[in-house]
Amino acid sequence: MITIVDYGMGNLRSVQKSFEFIGKKAVITSDRGKILKSSLVVVPGVGSFNAAMKNLRKLKLIDTILKVVNGGKYFLGLCLGLQILFEYSEEGNSKGLGILKGKVKKFKFKDNLKIPHMGWNNVNLNVPARISGAGRGSPTSDLRKIFKGIECEAYFYFVHSYYVEPEDNNIIASTTDYGIRFASSVFNKNVFATQFHPEKSQRNGLRLLKNYVDYTGN
Amino acid sequence: MKVKKSVLNGLTKRIIPCLDVDKGRVVKGTKFINLRDAGNPVEVAKRYDDEGADEIVFLDITASHEKRKTIYEVVEKTAENVFMPLTVGGGIRTLEDIRNMLKAGADKVSINTSAVENLSFVSKAAEKYGTQCIVVAIDAKRSVSKYKLQNTNYCPKWEVYTYGGRKSTGIDAVEWAKKVEKYGAGEILLTSMDKDGTKDGYDIELTSAISESVNIPVIASGGAGEMKHFYDAFEKGSADAALAASLFHFKELKIKDLKKYLLRKGVNIRC
């Protein structure tokens with residue numbers, strides 16, 4: 001079962017609809033039992049980091065998500081669902097889940113780049129960094145499966161003012177350029193999370209979701 | 001074909017078709033009479049999706065209150081079929097309106113009159129739903145000033161109008177744009193009332209005046225009649241996105257052809 005965690009942050013229906021479109025049933029829930037029983041947990045979300053953490057705490061979902069990830073269950077984070085995986089965010093000076101080492105920082109530009117970073121931008125698969133570990137069953141070959149059929153520099157839809165800075169460069173699955181080169185998705189064992197919105201990225205986004213769901217055997 | 005990209009910025013300029021919806025149908029001409037039927041919004045949205053539109057805007061112009069809820073059905077059906085950002089505007093007055101719109105599948109709502117009448121509505125909405133989903137629509141009209149005749153260093157001014165361009169407010173558009181940014185708008189949808197419907201190009205002065213005085217994305221609107229107008233909006237007007245309605249509905253201009261043209265001209269565009 002695929003569950004989409006409902007913690008009051010943003011439009012879960014559009015995520016659910018994109019799963020429906022690729023022929024997969026996904027249940028929207030904040031029920032801890034259901035989440036723990038599922039085989040793929042999806043955490044979407046738009047809005048502010050501190051509000052997201054506050055809501056997760058209120059719904060007693062922090063332990064649940066930690067159990068899901070530490071127990072090796074597949075996890076898909078989208079936008080805010082990526083950011084909360086890290087230790088700390090500059091947004092509201094807030095503590096995150098700390099599943100991944102690193103922090104969430106605000107874009108700061110001296111030139112004329114607008115904030116939020118809103119619109120379509122290139123997503124470049126970060127394979128060269130992993131080339132030494134290439135081969136069957138390696139993170140690189142897994143990543144290639146997840147991005148199968150998606151051309152390099154493919155366009156995905158972004159809308160955010162903060163970006164993640166992982167401590168370990170090896171978990172960066174893709175990068176995107178906006179003033180700086182930032183991690184637009186991360187991949188670490190059972191966790192895959194994107195800063196962009198696959199559910200709003202037309203063909204590329206639906207393909208990526210389908211690839212990941214297939215990869216997780218759901 | 002070499003695409004010009006500034007260093008470390010891959011973000012593309014957006015082409016946004018706008019669908020004026022009246023009682024569940026796409027119509028042409030919001031501020032003018034003689035509404036022409038332009039089809040079923042869900043079908044039109046699907047076509048734009050295929051053609052490579054970057055986002056879609058629905059503007060609900062349904063006058064009668066009881067027929068208002070048809071827009072929710074339109075949004076819901078569209079969001080089931082089209083996986084791209086969807087903005088809905090027209091008659092958004094309460095947090096409840098925003099909630100219902102987002103629940104139906106909209107990603108952003110566009111607020112106009114109610115922002116002018118109650119600025120704290122913008123900040124409350126941004127606080128609750130995030131700045132990323134609050135678009136403030138500004139309808140601006142050039143103020144004709146005596147000053148213009150006397151002074152060669154004439155600096156143009158624009159005034160904000162509400163109620164679909166029927167009511168003047170006396171508010172300066174540039175000052176207003178700065179203010180709504182401060183109050184939590186995530187984007188500005190800027191329509192030139194002077195140019196709307198003329199097809200002789202966007203108001204470039206207005207677009208650049210606003211775009212350069214705020215740090216949030218600005219969508220240029222009103223006046224698009226040919227491909228070059230889009231190029232000017234991006235290159236001279238510093239717009240982040242350009243919107244057009246009837247030009248796309250009646251297939252006078254195909255989004256695909258427009259995008260190819262812009263790419264050839266060196267604008268960073270998603271093709």
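Q: A residue is buried under 20% relative accessible area, exposed over 50%, and partly exposed in between. How does B:Lys46 count at 30% relative accessibility?
A: This is a predicted model. The limits for the middle class are 20% and 50%. The relative accessibility of B:Lys46 is 30%, so the residue counts as partly exposed.

Q: What separates B:Lys46 and B:Glu43 along helix α1 of chain B?
A: B:Lys46 forms a salt bridge with B:Glu43, with the closest N and O atoms 3.9 Å apart. B:Glu43, at 45% relative accessibility, counts as partly exposed. Both residues lie in helix α1 (residues 41-51) of chain B, and because they are 3 residues apart there, the separation is about one helical turn.

Q: Is B:Asp232 buried or exposed?
A: B:Asp232 forms a salt bridge with B:Lys236, and their closest N and O atoms are 3.5 Å apart. The relative accessible area of B:Asp232 is 10%.

Q: Which residues are joined into one network by salt bridges that share partners?
A: Over all chains, the count comes to 26 salt bridges. Where salt bridges share partners, one network joins B:Arg14, B:Glu55, B:Lys108 and B:Glu187.

Q: How far apart are the closest N and O atoms of B:Asp107 and A:Lys200?
A: Between chain A and chain B the count is 2 salt bridges. One pair crosses from A:Lys200, in the loop between β13 (191-194) and α7 of chain A, to B:Asp107, in the loop between α3 (95-104) and β6 (108-111) of chain B. Both residues, A:Lys200 and B:Asp107, are buried. Their closest N and O atoms are apart by 2.9 Å.

Q: Which residues of chain A lose the most area to chain B?
A: The contact involves 32 residues of chain A and 41 residues of chain B. The two chains bury about 2,900 Å² between them, with 53% of it on carbon and sulfur atoms. Together, three residues account for 25% of what the side of chain A buries. The residues that lose the most area are A:Lys114, A:Met118 and A:Trp120.

Q: Which element gives the most to the side of chain A that touches chain B?
A: Across the interface there are 17 residue pairs in polar contact. Elements of chain A that each supply at least two residues to the side touching chain B include α1 (12-21), β8 (117-125) and α7 (202-215). By class, that side has 13 nonpolar, 11 polar and 8 charged residues. With 6 residues, the element that gives the most is β8(A).

Conventions. Residues numbered from 1 in each chain as written. Chains lettered and ligands numbered in written order. Predicted model: local features only at pLDDT ≥ 70, side-chain atom pairs only at ≥ 80, totals over all residues. Heavy atoms only, no water. Contact = heavy atoms within 4.5 Å. Buried area = accessible area lost by both parts, 1.4 Å probe. Salt bridge = Lys/Arg side-chain N within 4 Å of Asp/Glu carboxyl O. Polar contact = N/O pair within 3.5 Å; in protein donor to acceptor, adjacent residues only side chain to side chain. Helix = DSSP H or I, 4+ residues; strand = E, 2+ residues; numbered from the N terminus. Nonpolar A, V, L, I, M, F, W, Y, C, P; charged D, E, K, R; others polar. Buried < 20%, exposed > 50% of the residue type's maximum accessible area, 1.4 Å probe, protein only.
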